[in-house]
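Visitor: Hello! Could you walk me through this protein structure, one question at a time?

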Amino acid sequence: MFADEKFSVFDEIVSSLPDNCELTYSPLIRESFLFCLKEANRNGTVTFKGGMTLSGVNYNSYPEKKVIKKVGYFFDEEFLKNIIKGFESKKVKVEKLELLPAKFKRVLSNKQKEEIDFFDSMLQEYFGANIRSNLEERFYLMNGMVADYYNLLKKSGVDALVFRVYYGLYYFPIILACKMLGITVVDVQHGINGFKHPCYSQFKKNEVGSPLLPDVFWTWSDMATKMLIKDSHIAAGASIVEGGNPVFSTHLHGKGKKILYTHQPQSKGIPVPIEEIKRVTEIKKREVVIRPHPLHVGEAKDVFNLLKKAGVKSTIEDPSKITINESLSQSSIHITYSSTCALDALNFGIPSVYCHDYIGDVEKEFATGLLFKLDEINKKNMFPSLSKRINYSFGSTEKIDIGVEFLLNKKEEIVSGDKVNTGKWGDVLKNKKIDMTDVVKINNETIDYVRGLSFLDIKERCNEITFDNLDDVEKVSACLDRTGIVVIPNFISKEVFSDIERVINDLNERMQCFFSSGKNLEESEEMLIQKGVAKLSGYDQLSNYDKAVAQVRLGKVGQDRGMIDIFNVDLAYPSLNKLRDIYEGSNILRVVSSGDKRARCKNLNFYLNEGVNETRGFHADSYSPQLKAFIYLTDCISLDDGPYTYVQESHKDSKYRRLNIEISSVLPNRTEAPFVEKEKITPIMAKKGALVISDQSGFHRGFPQNKEHRRAVAVMNIR
């Protein structure tokens, strides 16, 4: 099994648990899944049937963290040496400690037995797997050693411990002892974790109070932080600092020519991507350099013979004599089945050809333009691109200093060198008590600020992003890239509106009849209408249904309650093909296209709002670029009409963005953005026919309407 498959099994089991069922030993159990689960054969849908009644550890029972004057580590000195130097430069003592001989105590607490019983029963019933003996041995080891490590750490006088890998078997009793002593535990990122790592990904609310979890996660970059916190509550149980890769590399991409294939062990069931290698060599006409896994160098000759049989010339590289970054710096293309070396290649702007969705998930999230599957390979995209280079896993002295300063002056926030003035909300954030009620209050304060702006203030902000037309593609595109939004008034003529207005009138009549019927669901040949999730749920289901879908949002307060989304509206009204033609035939796609990647129109949707005054506050749709093109179908010339409202430049990395990411990690919606730069808030007030192109990874919202005000908007999703 691949690691992401093991994660999926664990995640499915934990997701079945109610939030009030605490998992005290979750990190240890995650480690067991990673190293002990060999196969899983699904048998039905995982369903919680009880058996988890004991309370977890009271986190507040542990002592406060010590002021850090002395730091300890156990080994990995070469990997940690720059962090060690960073502490020593601040006059902090550093001491290497020695691991103790293994000792087992074959006794389990009631809570430990309950958690073992739960996971054992779920694995056996739903996946036909059994790792109970492995789980028990791990608990026996932890129970046998925690007292000895408590005494060792107390005697050492260290105030913080730095680990390369927190989930090492010998480390769990150490981490537990640290919690008892008020010692800060730091996990330093040691590789690329991706979105589905059993020991790092998607922690649930009932896991983050575990005493086996580090206090601080030291990540390599903003991209790595996003991987850690995506769909996770991890930031509610630990702090995060972007301290960079402690192993520095100064290599910049030169004019490398080699085709590098990073081989993964066939002994672990990972195949050689023959077709991908053949396709790349057909384009580049060069031999392939095989880089075997450092622990499986013996497989290199087998790969060489396999490629020779397929008609591909190759040589073998010794991974003990050249680092991966050195090798990538000499390459022009990288090929792998699923190795995270594909993400290291991003540092150099080198395209990677991959096979497994483990890498594909990264491309979906970050849209790097450098990760390709077999059917995407062509002569145009098999070249390095310095402009697309992403600093993912490089380190520096400056980053180390940020990480060390954070630990010495530890605060509850993601740190990258900037601070945000959170005003009266500072104490709420510090104590991690923020919830959606607080978010709504903060957003309401921002709304009051916007209502206090004069018409001229708003007009001036709009003028900065407004163009007469799309003729100057380069200029409009540059503004979109800089600010995240552009506006074109009078984009479509009044003549086009006759068909559109007939559609809007018909839709309004349909919806009134639906509301009068008292039904939650109604389906005809051309359209499905539902309240909430009566039949379909989630964007994929709604956007890929075989007919138009009108959904009435029934969200909680502050979540667009009452708004009507109509997905694929042109499936119900073929006359709207004229509107789709306008989207596809204008310069919109040229403005939003990047490099060789040609953008295309996808779903044509309508938004209908009437007196919706509980609109969702500022948020992002995702934290990777996601473009939409809106056309106002009704006049939206005052705040009462509920104009689309955007925070200019919020689609780029900033202190506000980082703070909002952490706040959202403990909220039901992971992309809320209550803290914004008020001076850049721009309500788009315009007449019908105006075009708005917007990067939805920036902070935006619909402004709350007054009663009896209507707004209709066409929305084209662009891919």
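**A tour of cavities, helices and loops**

Guide: Gladly, and please keep in mind that this is a predicted model. Let us start with one of the cavities: Glu22, Leu23, Thr24, Gly56, Val57, Asn206, Glu207, Gly209 and Ser210 line the second largest cavity.

Visitor: How do the residues of that lining divide into nonpolar, polar and charged?

Guide: The list includes Leu23 and Val57, along with Glu22 and Glu207. Leu and Val count as nonpolar, while Glu counts as charged. The lining of the second largest cavity therefore divides into two nonpolar, two charged and five polar residues.

Visitor: How much space lies in the second largest cavity?

Guide: The structure holds three cavities of 30 Å³ or more, and this one belongs to that group. The space in the second largest cavity is about 50 Å³.

Visitor: And how much space lies in the largest cavity?

Guide: Its lining is made of Asp187, Gln189, Asn193, Tyr200, Phe217, Trp218, Thr219, Ala224 and Leu228. By class, five of these are nonpolar, three polar and one charged. The space in the largest cavity comes to about 60 Å³.

Visitor: Which element supplies the largest share of the lining of the largest cavity?

Guide: Two elements each give at least two residues to that lining: helix H7 (222-229) and strand E5 (216-219). Phe217, Trp218 and Thr219 are among the lining residues, and their numbers fall in the range 216-219. With three residues, the largest share comes from E5.

Visitor: Now for a helix. How far does H4 reach from its first C-alpha to its last?

Guide: Helix H4 covers residues 110-127, which gives it 18 residues. At 1.5 Å a residue, a span of 26 Å is expected, and the model comes close to that. From first C-alpha to last, H4 reaches 25 Å.

Visitor: Which helices do the buried residues of H4 pack against?

Guide: The buried residues of H4 include Ile116, Phe118, Phe119, Met122 and Leu123. Lys111, Glu114 and Asp120 are also among them. Their packing partners are helices H1 (3-15), H2 (26-36) and H5 (132-156).

Visitor: What residue follows H4?

Guide: The helix ends at residue 127. The residue after H4 has a positive phi, near 60°. That residue is Gly128.

Visitor: Is Glu114 buried or exposed?

Guide: Glu114 has its place in helix H4. Its side chain makes a polar contact with the side chain of Lys111, at 3.2 Å. Leaving out residues up to four places away in sequence, Glu114 touches Gly51, Met52, Thr53 and Leu54. Its relative accessibility is 9%, and because buried means under 20%, Glu114 counts as buried.

Visitor: Which backbone oxygen does the side chain of Asn82 reach?

Guide: Asn82 lies in helix H3 (residues 77-89) and counts as buried at 15% relative accessibility. Setting aside neighbours within four places in sequence, Asn82 is in contact with Phe248, Ile400 and Pro246. At 2.6 Å, its side chain reaches the backbone oxygen of Pro246.

Visitor: How far apart in space are Gln551 and Lys531, C-alpha to C-alpha?

Guide: Gln551 sits in strand E16 (residues 548-552) and is buried, with a relative accessible area of 12%. A polar atom of its side chain lies 2.8 Å from the backbone oxygen of Gly532. Gln551 and Lys531 are 20 residues apart in sequence. In space, their C-alpha atoms are separated by 5.8 Å.

Visitor: Where is Asp231 found?

Guide: Asp231 has a positive phi of about 55° although it is not a glycine. At 35% relative accessibility, Asp231 counts as partly exposed. Asp231 is found in the loop between H7 and strand E6 (239-242).

Visitor: Last one: what is the phi of Glu649?

Guide: Glu649 lies in the loop between strand E20 (644-647) and helix H23 (655-664). Its relative accessibility of 34% makes Glu649 partly exposed. Glu649 is not a glycine, yet its phi is positive, at about 70°.

Technical notes:
Residues are numbered from 1 along each chain as its sequence is written. This is a predicted model: local features need pLDDT of at least 70, side-chain atom pairs count only at pLDDT 80 or more; totals for chains, interfaces and linings use all residues. Side-chain values use heavy atoms; hydrogens and water are left out. Helices (H or I, at least four residues) and strands (E, at least two) are DSSP runs, numbered from the N terminus. The expected span of a helix is 1.5 Å times one less than its number of residues. Buried means under 20% relative accessible area, exposed over 50%, partly exposed in between (1.4 Å probe, protein chains only). Contact means heavy atoms within 4.5 Å. On a 1 Å grid over the protein atoms alone, a cavity is a set of points where a 1.4 Å probe fits but cannot get out, and a pocket is an open set with protein on both sides within 12 Å along at least five of seven lines; lining residues have an atom within 4 Å of a point. Grid points are joined across faces, edges and corners, and a volume is the space filled by probe spheres set on the points. A polar contact is a pair of N or O atoms within 3.5 Å; within protein, one must be able to donate a hydrogen and the other to accept it, and residues adjacent in sequence count only if both atoms are side-chain atoms.
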